[in-house]
Each structure stands twice: as C-alpha cells, then as structure tokens.
Amino acid sequence: MDGERAMKTSFKAALMAGGFAMLAACDPQTGAGPAAPAEGGGDAAVVSIAGMPEGPLRTADAELVTLYQQLHAAPELSFKEAKTAALLAGELKSLGFAVTEGVGDAWVKEKSTKDHGEVREGVGGYGVVGVFENGPGPVVLIRADMDALPVPENTSFPFASKVLSETWTGVESPVMHACGHDIHMTVWVGTARRLIAEKSKWRGTLIMIAQPAEEIGLGAQAMLADGLYSKFPKPDFNIALHVSAGAPAGTVAYSSGFALANVDSVDIKVKGIGGHGAYPHTTVDPILVGSHIVVALQSLVSRNVNPLDSAVVTVGSFKAGAKHNIIPDEAELLITVRSYEDKTRQMLLDNIKRIAEGQAAAFGAPAPEITVESDFTPATYNDPDLTERAMKAVGEELGAANVRAVPPVMGGEDFSQFARTEEKIPGLIFWLGVVEPEKYAASQVDGMPLPSLHSPLFAPDYDPAIATGVDAMTSAVIELFKD
Ligand SMILES: [Zn+2]
Ligand SMILES: [Zn+2]
C-alpha cells in the first residue's frame, strides 16, 4: 500500500520516467500535447501537465490488491475462464447474491463444434450472473469481462504471469492479462462489496455479470443467447468500465454517443494462374492483382465515406508465394474494417467486394473469394442521458477535473451487444485511467507513447486505479438506482 502521492511532477522526474510501445487501438487519447517547461525551469521547477489527476490519489483495500495480484498471476484465455468464474461466483455467493454459473455454456459448445469441429478440453461458457434484490426500484447490471490474452508477459511485477495454455482452438501460448480485465474484475468485486455494505443507500435490483471471451467478441453473445434478459430480471441500465492505457490513474474518461467502432474482418483470396517468374506472360500474377486491390481499397475512406463520418480499412496481412522465381496462383489479404454507422459499415463491405472483383476482372484473373466473417463486433453506443447522469455522479465523487470527455476510438468492445437486442437497454462503458501519473507526465513531456493495451509491457498502476474504479462505479450505480 502506498500513501498519498504528490500530483505535480517535476520536469526532470517526468523526463526520467519512461514509456514506450504503441498506443492502443482501443484507448482514448486523453492527453493534451507535451507540456511547456515552467519559466526558469530547472531541477526544482514544477510544471503543470494537462490531464494529470487532481487531488490525492486513492488507495485500494489491501484485500482487493491481493485479489488483483491473484487474478493477474493466473490468467485464463477466452472460453477457458473456469477458475476465474468460480472465484467470482464464490465472491457473489458470500455477499448474498443468487448466483447462476455456466451461463452461455451450451451456446459455446455448439459454436465450437460448428466452427472448429470439436469442443477442446476445458472449453465452455463460464458466464456468471448474480442477482441481489433490495426492494422495489430500477434494475442495474454491472458487467466485468474475465478473459486474458495469448501474450507473453514482460512486466517486472513480482506476480507476473508464467501461465502457458491453449486457446479454445488449440493454439498453445503464454497467457497474460494484457487488457486489464483483472482490474475490471477486481473493481467489480470491490463495487459489489461496497454496494452490499451500503445497501441502505439504494433500492432496486443489482445484477452483477462476469462475462467470458470478450477478446474474441463472443462472450456477450453467449450470455444473451442463454437468456440473460429472460431468465433474470431485465435491466434498466447496463454499465461497465475498461482500463485506459492512455490516461493516468486517478482519472476517468468517457465518450457520449458512439464510443467504440463496428469491427469487421474480411478475407480476400486473390486467384491467379501460377508459373515461372521468368515467363510472366504465361501466368496471371495474383501478387500484382492483390497489390492493385490494396491500393484501390485506400479510396474507400478517402472517396466513399462522408468526411464527417469515420472509418478505417486496414490490410493487416498480405501473403503470397514462396520463392523468387515462382509466380504463385493465389494471394491472401486479411482486412480489418471499422466504422460507427451501420450504413457506413454496409457500404464499406459492399465496396470491398466491388473493388476486389473489379480489379481481378481488369487483370483477367479468376474471381476472388471474399469472406466477411460472420462474427462482427458492433459499435458501442453510450446512451447520452445515461452517460450524463452517471458521469455527473462520478464527477461529484472524484472531483469534476478527474472526469473527462474524450473523443471516441476505432477499437471495438463486445459490451455493445448488450444494447443491440430488441430490449434496447441503454448502456455505458467508461474508461478508467491506469497509467502511473509520473509515467503519464513523462510521456506528455517527451511525446513517447506509453505501453498500450495488449502489450507484454502493460503494467497498470493498479492500487490507485482499483480504488478510483470502485469509487467511480459505486457512485454511478447508486445514482442510477434513484428513480
Ligand atoms: Zn483487449
Ligand atoms: Zn479489454
């Protein structure tokens, strides 16, 4: 445990604390530009850095810190969160919740059989739903996600993960909580404990859900398909948080309206006619066709998307051929497609097909095979009224200066699924800053990016972040219980 820390950072200290790697795709850009040194700056000079937390940093309960370290040391991959789910279910039971485990299990096993031809050992739907009735009033659902990532941990935490495991499709990998879901779960437990201890302050029904498999975009669907809104009380509001690797601990950030993007994956198999590299006139070169497709795709965002709308088309993989002097007969492009509006999404998918087919035809190549993956993550929309109410309450708790509106990002989150059903339940996911304030300040001064989410170096300043998260979530939820 550490006590209160000074919130002004000396220019020198700021420069000395380091940060590296790329900013996360799913991170708010909360920082202002690099801070200017104070007049007559020297060792003793103190500069004010935009975005730094104001007031003393909070300190988490020792038990929550221990829980965080335990979760961090024992990460589990998507659809394999058996032990994590059991731990969280046990926590809710001890608090007096009515708990249902294995929510989504049948859906996951059916999906695995359909897509991968088998259900590997340990794979299941480990969703947990806890219901606590506390008199008449609104129904509020708080969601945490449980899964870790196939990333080899490279932090200096003494409780760093050494876990090796297999993904649900059988790929062996080191495992790390590199997206902060261990912080989400710890804050979720801390919030449940606080809300039960302070149950005289609210009336209504509290639903706590622990969701599996956020990282593969399927866990929310599994829980919804298993009757999340029919077997349990139907929520009036859904709320969640996600750590931000771009904001300092002690702060919270949010976007009202669209917060995260539609995420689609498209595979294009470009067909050609292979042959000897020295006799290209006897071939149809799929690398050349593929190259023209990559270039033509750049026109979608620049010439088909309204400049006031947002979209991304990124070719993340272009694979073809094996040797200098062989023209292959196939090339493969893997594309991520991001948007907010449903009609923009459809336009992009339609035009990717048009461009790929048109380019192939132009070169006399066979028609390409184009596959849009069926599991897409829809855009996350934060209900503006809910966002305003909740963030006002959080501002009263943390100090308004520690709660900031930030622009949306093109990352994705399957929390969006909970609002995309016919029930149309308003939802809000907000960002919890987790960067050590001195490192944040240093990155603002020297412009060096901080380790992003999903980085092996992602090491949150967990103690003040957990404390801030519990205070923020508790105050938001108590506000939502007011009729
Ligand atoms: Zn993630
Ligand atoms: Zn995440």
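**Before going on**

This is a predicted model: local features need pLDDT of at least 70, side-chain atom pairs count only at pLDDT 80 or more, and totals for chains, interfaces and linings use all residues. Residues are numbered from 1 along each chain as its sequence is written, while chains are lettered from A and ligands numbered from 1 in the order in which they are written.

**Stop 1**

An open sheet of 4 strands has the order 14-16-12-17, with antiparallel pairing. (Two strands pair if DSSP finds at least two bridges between them.) Colour the edges: strand 14 (311–320) and strand 17 (369–372) each pair on one side only. From one strand to the next, the twist averages 15°.

Now select strand 12 (residues 262–271) and strand 16 (residues 330–339). They are antiparallel and share 10 bridges. Pick Val263; opposite, in strand 16, stands Arg338.

**Stop 1: two domains**

Zoom out and colour by domain. Domain 1 covers 62–260 + 379–480, and domain 2 covers 262–372. These bounds come from an automatic or database domain assignment. The C-alpha centres of the two domains lie 36 Å apart. Their contact takes 4 residues from domain 1 and 6 residues from domain 2. Two residues are in contact if their C-beta atoms, placed from the backbone, lie within 7 Å. The domain 1 side divides into 3 nonpolar, 1 polar and no charged residues. Ala, Val, Leu, Ile, Met, Phe, Trp, Tyr, Cys and Pro count as nonpolar, Asp, Glu, Lys and Arg as charged, and the others, Gly among them, as polar.

**Stop 3**

Next, show the open sheet with strand order 3-4-8-5-9-20-10-19. The pairing is mixed. Strand 3 (98–103) and strand 19 (403–405) are the edges. The twist averages 25° from strand to strand.

Select strand 5 (residues 139–145) and strand 8 (residues 204–211). They run parallel, joined by 7 bridges. Click Val140: its bridge partner in strand 8 is Leu206.

Helix 5 lies across strand 4, strand 5, strand 8, strand 9 and strand 20. Its direction is about 150° to strand 5.

**Stop 2: helix 11 and its neighbours**

The axes of helix 5 and helix 11 come within 8 Å and cross at roughly 50°. The two helices are therefore oblique to each other. (Angles under 35 degrees count as roughly parallel, over 145 as roughly antiparallel, 65 to 115 as roughly perpendicular and the rest as oblique.) Show the contact residues, including Gly190 of helix 5 and Gly469 of helix 11. By class, this contact has 9 nonpolar, 5 polar and 1 charged residues.

Finally, select helix 9 (residues 384–398). Among the contact residues are Arg389 of helix 9 and Asp471 of helix 11. The contact divides into 7 nonpolar, 2 polar and 5 charged residues.

Notes. Axes are lines fitted to C-alpha atoms, for helices over the stretch in contact, and angles run from 0 to 180 degrees between N-to-C directions.
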